[in-house]
Amino acid sequence: MYCLGTRQLRDEQVLLRGDDLYLCAPRGQLVEGYLVVAPYRCVGCLAQLPPDCFPELARLLAAVTSFYARAYGIAHPLVYEQGRAGGGRTIDEERGFPLHAHLCSLPLAADLHVPLSAAYQARPLSGPHEIAAVAGREPYVYLDDGQRRAIYVARDPAGRRALEGLRLKPVIAALAGFPERGSWRAYPGDRELAATIEKWRRA
Ligand SMILES: [Zn+2]
């Protein structure tokens, strides 16, 4: 859905357009304020993004953080990327859609480090620009909860397969106390989407 050419996103869902990346409010609003930064170019994950795109990524993320502080009073958003394409996979095995890099953010406190560190190996890093160097050629999850940044990679081949098929939204929804919102098909969150776009415009 993050390939803009597929027209899955309505124009009003694209909140900011940079040179290489854009910020959007997708469907599947787990909570109001679910935002995503993605490249125009079709790359599978942030580990494959050209290095010169990262300053713009940081600027878009700063806009998100300041929006969350003003609109929701949240100082430490949850920012994550599922680097499912990190090991070279290009399509989602279960549903067949192309994997497209997108950095997700939620104005929500949920200790996602706990389940991830139980299942995968944590590697610290200072920000998204280090993902490629730290993940190597592995599928990964990047997580920044405002307190701690880490990449999670597999400990073994089974973990690697799990990371390539992982869906974090159900995990986050369960941690946040509303497991029924874990899938955008089950919970599109269209009311929250309209509210997010409206608040962004006013901010
Ligand atoms: Zn794409």
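This is a predicted model: local features need pLDDT of at least 70, side-chain atom pairs count only at pLDDT 80 or more; totals for chains, interfaces and linings use all residues.
In β8, Ile151 is the bridge partner of Arg123. The protein chain holds six helices and eight strands. The eight strands form an open sheet.

**The whole chain**

- From the N terminus on, the elements run β-β-β-α-β-β-α-β-α-β-β-α-α-α.
- The radius of gyration is 16 Å, close to the 17 Å that the globule rule gives for 203 residues, so the chain is as compact as a globular protein of that length.
- Along its principal axes, the C-alpha trace spans about 45 × 35 × 35 Å.
- Of the 203 residues, 39% count as buried.
- Take the contacts between residues at least 6 apart in sequence: 69% of them join residues at least 24 apart.

**The sheet**

- The strand order is β1-β2-β3-β5-β4-β7-β8-β6, and the pairing is antiparallel.
- Strands β1 (14-17) and β6 (121-124) stand at the edges. Each has a single partner strand, so one side of each is left without a neighbour in the sheet.
- From one strand to the next, the twist averages 20°.

**Links between strands**

- Strand β4 covers residues 78-83, and strand β7 covers residues 140-144. Five bridges join them, and the two run antiparallel.
- Tyr80 stands opposite Leu143 in β7.
- Five bridges also join β7 to β8, again antiparallel. Here Tyr140 has Val153 in β8 as its bridge partner.
- The hairpin of β7 and β8 has four residues between the strands. In this hairpin, Gly146 takes a positive phi near 90°.
- Four bridges join β6 to β8, and these strands run antiparallel too.
- Strand β8 (residues 149-153) is mostly covered. Four of its five residues are buried.

**The nonpolar core**

- In soluble globular proteins, nonpolar side chains tend to be buried together.
- In this model, the largest nonpolar core has 54 residues.
- Which members touch the most other members of the core? They are Val37, Tyr80, Val141 and Tyr152.
- Helix α1 (residues 54-72) gives the most to this core, with six residues.
- Tyr152 has several contacts beyond its neighbours within four places in sequence. They are Leu116, Tyr120, Gln121, Ala122, Tyr140, Val141 and Leu143.

**Helix α5**

- Leu168, Ile172 and Ala173 are buried in α5.
- These three cover an arc of only 135° around the axis, which puts them on the same side of α5.
- What covers the buried residues of α5 includes strands β4 and β7.
- Just after α5, Gly177 takes a positive phi of about 95°.

**The loop between α5 and α6**

- Gly182 is found in the loop between α5 (168-176) and α6 (190-202).
- Is Gly182 buried or exposed? A residue counts as buried if 20 or more other C-beta atoms lie within 10 Å of its own. Gly182 has 20 such atoms within 10 Å, so it is buried.
- Leaving aside neighbours within four places in sequence, Gly182 is in contact with Lys169, Pro170, Ala173 and Ala174.
- Gly182 and Ile172 are ten residues apart in sequence. In space they are 7.5 Å apart, C-alpha to C-alpha.

**The loop between β2 and β3**

- Val31 lies in the loop between β2 (21-24) and β3 (35-39).
- Why does Val31 count as partly exposed? Val31 has 19 C-beta neighbours inside 10 Å, so it counts as partly exposed.
- Leaving aside neighbours within four places in sequence, Val31 is in contact with Leu106, Pro107, Leu108 and Glu192.
- Val31 and Leu193 are 162 residues apart in sequence. In space they are 8.9 Å apart, C-alpha to C-alpha.

Technical notes. Residues are numbered from 1 along each chain as its sequence is written. Two strands pair if DSSP finds at least two bridges between them. Axes are lines fitted to C-alpha atoms, for helices over the stretch in contact, and angles run from 0 to 180 degrees between N-to-C directions. The radius of gyration is taken over C-alpha atoms; the globule rule is 2.2 Å times the number of residues to the power 0.38. A residue is buried if 20 or more other C-beta atoms lie within 10 Å of its own, exposed if 12 or fewer, and partly exposed in between; C-beta atoms are placed from the backbone. Two residues are in contact if their C-beta atoms, placed from the backbone, lie within 7 Å. A nonpolar core is a set of buried Ala, Val, Leu, Ile, Met, Phe, Trp, Tyr and Cys residues joined through C-beta atoms within 7 Å. The arc is that of the directions from the helix axis to the C-beta atoms.
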